[in-house]
Amino acid sequence: MTEKTIFELSRPGRKGVRYPAPDVPLAELPEEFLREELPLVEMAENEVVRHFTNISQLNHAVDIGFYPLGSCTMKYNPKINEATARLPGFSQIHPLQPVETVQGALGLMYETQQWLGEISGYDAVSLQPAAGAHGELTGVLIIRAYHNDRGDSKRTKILVPDSAHGTNPASSAMSGMTMVEIPSDKNGNIDIDLLKAECDDTLAGLMITNPNTLGLFDENIVEACQLVHDSGGLVYGDGANMNALLGIYKPAEFGIDVMHFNLHKTFSTPHGGGGPGSGPVGVTEELADFLPDPVVAMISEGDQESPAFYDLVTPEKTIGRVKSFHGHFGVVVRAFTYMLSLGKDGLLDASISAVLNANYIQALVKDVYHIPYERLCMHEFVTEARWEDAPGIRALDISKRIIDFGFHPPTNYFPLIVREALMIEPTETETRETLDAFADALLQIADEAKNNPEILHNAPTKAPFGRLDEVKAAKELILKTQLPEDYGK
Amino acid sequence: MYTSHTKADKEEMLKVIGLEKIEDLFQCLPDEGKFPTLDLPEGITEMEAMDELQYISSFNETTQELVSFLGAGAYNHFVPAAVDAILQRGEFYSAYTPYQPEIAQGTLQAIFEYQSLVAALTGMDVANASHYDGATSVAEAVNMAYHTFRGRKTRIVVSPTVNPQYRATIHTYMDGMDLEIVGEDLDPNSNPDDLIELIDENTAIVVVQYPDFLGRLFDLSTLTAAAHEHKALVSVHINPISLGLLKPPSEFGADIVTGEGQPLGISLSYGGPYLGLFATKQKYVRKMAGRLAGETVDTRGQRGYVLTLNTREQHIRRENATSNICTNQGLIALASTVYLSLLGKNGLQDLAKLNYHKAHYAAEQISTVPGFSVNPVQPFFNEFVVQCPVPAEEVNQTLLEHDILGGYELSKDYPGMTHELLVAVTEMNPKSEIDFLVAVLEEEYHD
């Protein structure tokens, strides 16, 4: 199934796009700055389209089948979102246009800030961050700025539970903070006693994910927030798992002071093969002044004669810019379309169905797959994919075998605190038949693991590719097409 | 809509779980505050949603309706239809990061081709799979330099003509590190060689832009040599379209090349999502942030690709990772890959020249209007500074009355440049639009 690369398909003299001849007099070219060679490809349009269509068919995707990749919320991406984001009134506007010429865009951003605020309980929202990890960095910088603003600059310690996404410790390190890990207790909640021991006057904040990455609702959340607040710290919420809470609970009510949303998870915008995402950040009133520059404000309310007027404003004590312009506007249009389509009833139903689906699969497989913390789960659950009577079988083998059934494997080897972890997140947009088929596949694979392990070791056999040699890739480090010496000359 | 369970389905599923009612699923949440009544409207149909979004979008005036000479970091270019046709394929857009390479070769090969194209265009050894945008790629370059010297070099030299939004982003990103950022308060009209006296043994990186924010081109080889004498890295930020015509920064000795990839087939979309290009020398590949696809083979002997050097990344290294980046700009990187494949060597050269000639025609014509001038000394690509006889803000307001977006008012970032307008010209501006702009300026400012 190997497809040639664009460089291998290239033939001298071809081009896929023509431009009109210059309709202006030609200017003299700047001799000293001209490049001598341009080793790009040369292809006709139909060859380009065929190439990318062909390689696209080597992918699994939500539009093709079930994609229960834990912690990533691979729900269906509604087609209307793609249509609205491409309306010329949204896609053909320049970020530096005078605000009076982009009132529709600013109004949409303002409304999105309001919707996200209402769903989560926050007083102010910034749409600037480009992705979840970017939102985390923004949030930690806000916490840091808050303490510094109060002259409390000794607060440099960030606590992160051991079940956290890897981005949490990485984001806190990037902000210049010192990270201390807090283990989970026997029920999968944050260990309150260990937390208590770290709550001192150097504590800047706690980063917490709820539901946590075990898919469990952290029952210590309110107490944990209280402890951190009592010692002068703030609490950051990783909103990656917000799909369990729409209309169920507002994270601000737990005591979380600042939280990011993943529009590409909870709010149905496409994951794009790795992005673009969007990671808006919501904060309580006392942190609103620290939000990144800029936010959208309503300057005057509309009435019957004239519409409302919106502007981009710089929060008073802003942490500054975290990227160019105003965030991933195109992603925001998609998320706004989704929220508007679902409304409060649809959002609530999404979370209910997401939690119902996860618990349903868990119930169907839990007698065979060990669930390390056997409780009701939220929108996802984690199993320990190993059996004493199936030595040599690893989570990886199970994942690869799942591919043969036409499903995307769950997230594996995360969270790190569960051995041979498989993290399963079905999302709400799957039928009961799909959930049943997936559970049946898991049960069959468990049986094979014990009775016919070679099937697992050799999997996948029905995918376009067998297992790939990662060691070779890292050792040889071929990171681009190797071109002949004279290519492009 | 997007969920399918009937009431009966839900009841049967609850029974399997061993619960009676939906509320039981949430029994471990605190009762107080559970199931809040959201102050939001009920859902609407697709028909209604489409109408509503159409209506909202009608309050925006587009670059199709207006005559636009706005650039300053985002450029109005033609996007061939084939780019969006590929982007709309669900196989690409409804997949995620290719964690399972056996069923993600489409995404992985596209990333590999993207890396190959970016490396070829910039003249560098390796490129990563993208950053969020131009601003964050520049900030990550500074972050990489800081970590390359393990925090021992604490001076960062930044040219005043690096895009002001990128400079602001560097400050935000590096705020928690004990760093000194110098150079930004130099005269924006100065030469990059004026940065040389700021470079010392403690300098980790020198950051410049080419063409710079004011559109100008400078030979950067003297600056680069001076930086290397002090063992500092040099990062050059580029406009990818310009490299269809211009020497790549590798020829000046750049260690890192960053770029805003938006001109490569990505719609303006009010500022995002765009694309952060990032390329460097082979010896820094382990210091580079971001995802990387590498070539390998599968068990059947087929050539394929995997994500590689993962030990640099947050999901393995956690707090010791080179960056916190996880989700990047996958689909936008794909757009630029399709775009560059379509244009290819010949198309990109044609396009770059077209931009160059049109911008030079515009600069020359604007200079004929009494009171308006363009500095004729420094070479430029497709963007240049117009000196106006009145404050640039007034000129822009006047032009907007004629449905022209005149350019970017430089006073927003450089307080001394009250009368300067940054004007960008691309293939989207036919001669008639340039002539119209000039005619309006003549009409409005003829005395």
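Leu356(A), Asn359(A), Tyr360(A), Ala363(A) and Leu364(A) of helix 11 of chain A meet Lys10(B), Met13(B), Val16(B) and Ile17(B) of helix 1 of chain B. By class, the residues of this contact comprise 7 nonpolar, 1 polar and 1 charged. The model is a predicted one. The crossing of helix 11 of chain A with helix 1 of chain B is left-handed.

The contact between the chains as a whole involves 168 residues of chain B and 171 residues of chain A. On the side of chain B that touches chain A, the greatest contribution comes from helix 10 of chain B (residues 330-367), which supplies 23 residues. The residues on that side of chain B are divided into 79 nonpolar, 61 polar and 28 charged. For the complex, the predictor reports an ipTM of 0.98 and a pTM of 0.98. The average pLDDT of chain B is 96, and 100% of its residues score at least 70.

Within chain A, helix 6 (residues 132-149) packs with helix 7 (residues 167-174) at an angle of about 45°, the axes being 9 Å apart. Helix 6 and helix 7 of chain A are therefore oblique to each other, and their crossing is right-handed. Helix 6 of chain A contributes Gly132(A), Ala133(A), Glu136(A), Leu137(A) and Val140(A) to the contact, while helix 7 of chain A contributes Thr167(A), Asn168(A), Ser171(A), Ser172(A) and Met174(A). This contact of helix 6 with helix 7 of chain A consists of 4 nonpolar, 5 polar and 1 charged residues.

Chain B contains an open sheet of 7 strands with mixed pairing, arranged in the order 2-8-7-6-5-3-4. Strand 2 (126-127) and strand 4 (180-182) of chain B form the edges, each pairing on one side only. Strand 7 (residues 256-260) and strand 8 (residues 276-280) of chain B run antiparallel and are joined by 5 bridges. In this pair of strands, Ile256(B) is placed opposite Thr280(B) of strand 8 of chain B.

Terms used
Residues are numbered from 1 along each chain as its sequence is written. Chains are lettered from A and ligands numbered from 1 in the order in which they are written. This is a predicted model: local features need pLDDT of at least 70, side-chain atom pairs count only at pLDDT 80 or more; totals for chains, interfaces and linings use all residues. Axes are lines fitted to C-alpha atoms, for helices over the stretch in contact, and angles run from 0 to 180 degrees between N-to-C directions. Helices (H or I, at least four residues) and strands (E, at least two) are DSSP runs, numbered from the N terminus. Angles under 35 degrees count as roughly parallel, over 145 as roughly antiparallel, 65 to 115 as roughly perpendicular and the rest as oblique. A crossing is left-handed if the near helix is turned anticlockwise from the far one by less than a right angle, and right-handed if clockwise. Two residues are in contact if their C-beta atoms, placed from the backbone, lie within 7 Å. Ala, Val, Leu, Ile, Met, Phe, Trp, Tyr, Cys and Pro count as nonpolar, Asp, Glu, Lys and Arg as charged, and the others, Gly among them, as polar. Two strands pair if DSSP finds at least two bridges between them. pLDDT is the predictor's confidence in each residue, from 0 to 100.
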